[in-house]
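Open the model in your viewer and keep the selection panel at hand. The tour moves from one stop to the next.

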Amino acid sequence: MLEQLELLIRQGRSETEAAATLAVILPGQDELLARVVAFRHEIAEQRRTMAWNNAIFDPEDDGGPWYGGPTSMDVFWPRLRANLEADPSWAAAVPSLDEASTDIVGLLADPHSPTIRTRGLVLGFVQSGKTANFTATIAKAADSGYRLFIVLSGVHNSLRRQTQLRIDEQLVDEFPTRWVGLTDEHRDFGKPVKALPLLASPDLRLIAVVKKNVSRLTNLRDWLREAQKHGGLDSCPIMIIDDEADQASPNAAKDPELDRTRINQRITELLELPRVAYVGYTATPFANVLVNPADESDIYPRSFMYSLPKPATYFGSRELFGQQVSEDEEAESDAAHDMIRIVPTTEAERHATKRLISEGVEVTHELGQAITWFVLATTARRVRSGVAKHSSMLIHTTMRVAPQLAYIDPIRTFVKQLGVDVAAGRTDLLRRRWEEEIAKEPAHRHGVEPVTFDQLEKELLATIDDVKVLADNGLSTDRLVYSDEPATVIAVGGNTLSRGLTLEGLISSYFLRSSNTYDTLLQMGRWFGYRPGYGDLPRIWTTQDLADDFEFLADVEDSLRAEITRYRTMDGATPASLPVRIRLHPKMQATAKVKMNFAVQGEASFSAQRPQTTYFAHRDEKIIAANQKAAASLLTAATAADAVPDRQESRTVLRGVPVSLIRDFIEGYKFHDDSEITSQLVVKYIDGQLKHGALDRWNVVVMGVKNAKRTIPLGLADDSPLISRSKLSLSSTQRRAVIGTLMSKPDRVADLVPAADVRRETPDTELQKLRDDDGRGLLVLYPIDRDSLPKKGADNREPLEAVDHLIGVALCFPTAGSGTEPVNTIQVALTEQSQHETDEMDEYQDTEGSQDEVNLGDR
């Protein structure tokens, strides 16, 4: 009976209508039918509950649970799943893809509802397979009753074409009699046939892949309005997938309460239709979560925010810079990957736009190294696999198209000379370069076989002969298009290669283009993604400042997802009531200033957080001395206030320390300027909690080691043993030492349980519950030996070489009580910066008749 009920629903009936029909077909079965309907509700409720693992959503928005997952009657998803499972590059990812897409469909409104107003947001990772996820989501939604699908695919034709080809291959071409493509590889939304004949058939599914361009969206709007006039949409539920949803879609008008940018206006006009579910996809949702939540006509994700799980084989910013574990706990798999090569400031200045225009382009030293590595690494891939595959290099130094074109000839000359040297047997420098690089990032870390230079040498000329150099921009005639024929390509570009577009087999990146916004910079990092069989080979040439910014953004990404996880545990939390908090950077903005009209300066909430010092002014004697004094003053005062030291094997615990002493210490401690923590933020949060009767007593732990060789006096009866923390090579400079994560897992509850009781696999939630049950805050002091050395084999670290012993600090906060946190802690402040770059894309997006549009419009 359940299958019969589902069949009637799949034919276009609502659940109520299907049940009434079934009651006529099967008279006298009312009790059984009621049980079947209730069972269907139970399955849907369980399915939606499972989405809590990765989402925050409003259970009252757009109706209750309705989707129980794929069934035996589905058509589109089973075929797509089978094809993916048959593809070796996708087979392992299918289970997680299946799970996530089921969650997302379950968060939509029932397609049989008389009105549909879903506004959702899916948060992915850069280059992580978001297209595959929304294709699976479309297939399942189509099986469930959604009939018209609109994919908004960014602002460039190259990305629209790439998305169109994938949709066609995986859905439309598989079911040519069931799917109607309203666009194709060469044709964006122009003037298709009349809508009514297409919308009249309940068995058809319609799909359009549309560039976010005013004229295209106007065509689409008018086409749908014409259908609506004649009632053509009354029985046609629509799903809009907004790919790169933070680009062009948010309202960037100077006065958003009175006006809208034209693309945002067109999107909101589409959302005015009676039955539309909107789901934005992006890896950089900063602009989306800063949309005005009070404007119900806009795209703020009031229905749900869903964080896609990170695929097991994905390589992103966290993998590049290392896992957030302390040096004590760090295993080889946790360590940062030695893949970033620093371009000196003098060379980076040589590639500045003004210099390129006035003096021309040259292949500078590090650019030459990057090109050479591209040839070596591409050849290594061929040796491993036995065949040529797509292999790419990205050069991104300027947004100006003329200088991009000027790179082509010098690079071609460099590659040609490389071929001459190889043909003549002059390969000693290449051998040395290869052997140095494979020692820094060994193949075994990535589960692949090492390749010797002798294996490479005989294949180098074949690779060099295949190298193609091109610029991809609005003026270039030779664009980056991957076909079935393997491409070995060096692509010079700017905006067209900055977002969404996948560079197949990206191995080498020479990246100097800065940005003052998180989203723009993250999206320009095209090197993230999947590297099957060549995970050891990617390299990035960039400046120290840009490397630092990308490392900061790795933390921003983690904290953004942690926000969604944290809100899941809060009663009554919805996207509308608890917008996502975004960490601030001293120089960058989260997104373009015009997209932050509703952002406000917030206070920091440290509820269930573990802020800690990772940056140290290790050469500043005054700061080091001040921090030693602050620690000694705290411990001396704590013992005088009857906090009896509990001396254990490797640490000293003081319990019940008055909050006044904690405040005094935090105000006296000098945090590094680059640190995420400031004394003002922490003290302000503590004072706010004191008003609600929390955090009035603290525990303090002084960490140490057994059998320490050196100690430091810190106000306790016995001198405190010094621990070892070396500095990270990539991030550290003359003015700062960066040690990475300071606190280990056992340290988080060092005042509550023995270290031996906490293992690496102990869940964070279990440790936080111990802190919440205790109710007190924890302050941990780390006396760090100035001569700390890296562990053997830690190639990513260097000796600390501080001028004196450092004092590291970590704090662990219990979860704040309901209603005790500041209410405006989640939106960033506006900063006065140049808008030239951040507004540049908005200007482009609303420009009709651009060169890109003229070249690749209707034909």
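Which residue is the bridge partner of F57 in strand 8? Select F57 and F304: F304 is the partner.

Before going on, two notes. This is a predicted model, in which local features need pLDDT of at least 70 and side-chain atom pairs count only at pLDDT 80 or more, while totals for chains, interfaces and linings use all residues. Residues are numbered from 1 along each chain as its sequence is written, and side-chain values use heavy atoms, with hydrogens and water left out.

**Stop 1: the whole protein**

Show the cartoon. The protein has 27 helices and 25 strands. Helices (H or I, at least four residues) and strands (E, at least two) are DSSP runs, numbered from the N terminus. Of the 859 residues, 58% are buried. Buried means under 20% relative accessible area, exposed over 50%, and partly exposed in between, with a 1.4 Å probe and protein chains only. Among contacts between residues at least 6 apart in sequence, 79% join residues at least 24 apart.

**Stop 2: strand 8**

Select residues 304–307, which are strand 8. F304 and Y306 point one way, M305 and S307 the other, and all are buried. Two strands pair if DSSP finds at least two bridges between them. Strand 2 runs parallel to strand 8, joined by 4 bridges. Here V122 has Y306 as its bridge partner.

**Stop 3: the nonpolar cores**

A nonpolar core is a set of buried Ala, Val, Leu, Ile, Met, Phe, Trp, Tyr and Cys residues joined through side-chain atoms within 4.5 Å. In soluble globular proteins, nonpolar side chains tend to be buried together. Select I150, L224, I240 and L320. Of the 78 residues in the largest nonpolar core, these four touch the most other members. Helix 21 (residues 544–568) gives the most to this core, with 10 residues. Zoom in on L224. Leaving out residues up to four places away in sequence, L224 touches L148, I150, L233, L270 and L273. Then jump to a second, separate core of 56 residues, which includes A631, F665, L811 and C812.

**Stop 4: aromatic pairs**

Rings of Phe, Tyr and Trp (its six-membered ring) pair if their centres lie within 6.5 Å; planes under 30 degrees apart count as stacked, over 60 as edge-to-face and the rest as tilted. The count comes to 15 aromatic pairs. Select F76 and W179. Their ring centres are 5.4 Å apart and their planes stand at 65°, so the pair is edge-to-face. F76 is in helix 4 and W179 in strand 4, 103 residues apart. Both are buried.

Y685 lies in helix 24 and F813 in the loop between strand 25 and helix 26, so the pair ties together parts 128 residues apart in sequence. Y685 is buried at 4% relative accessibility, and F813 is buried at 1%.

**Stop 5: charges over rings**

A charge sits over a ring if NZ of Lys or CZ of Arg is within 6 Å of the ring centre and within 35 degrees of the ring normal. Select K140 and W77: K140 lies over the face of W77, 4.4 Å from the ring centre. Finish at Y534, where the charged end of R381 sits over the ring, 3.9 Å from its centre.

Notes. Contact means heavy atoms within 4.5 Å.
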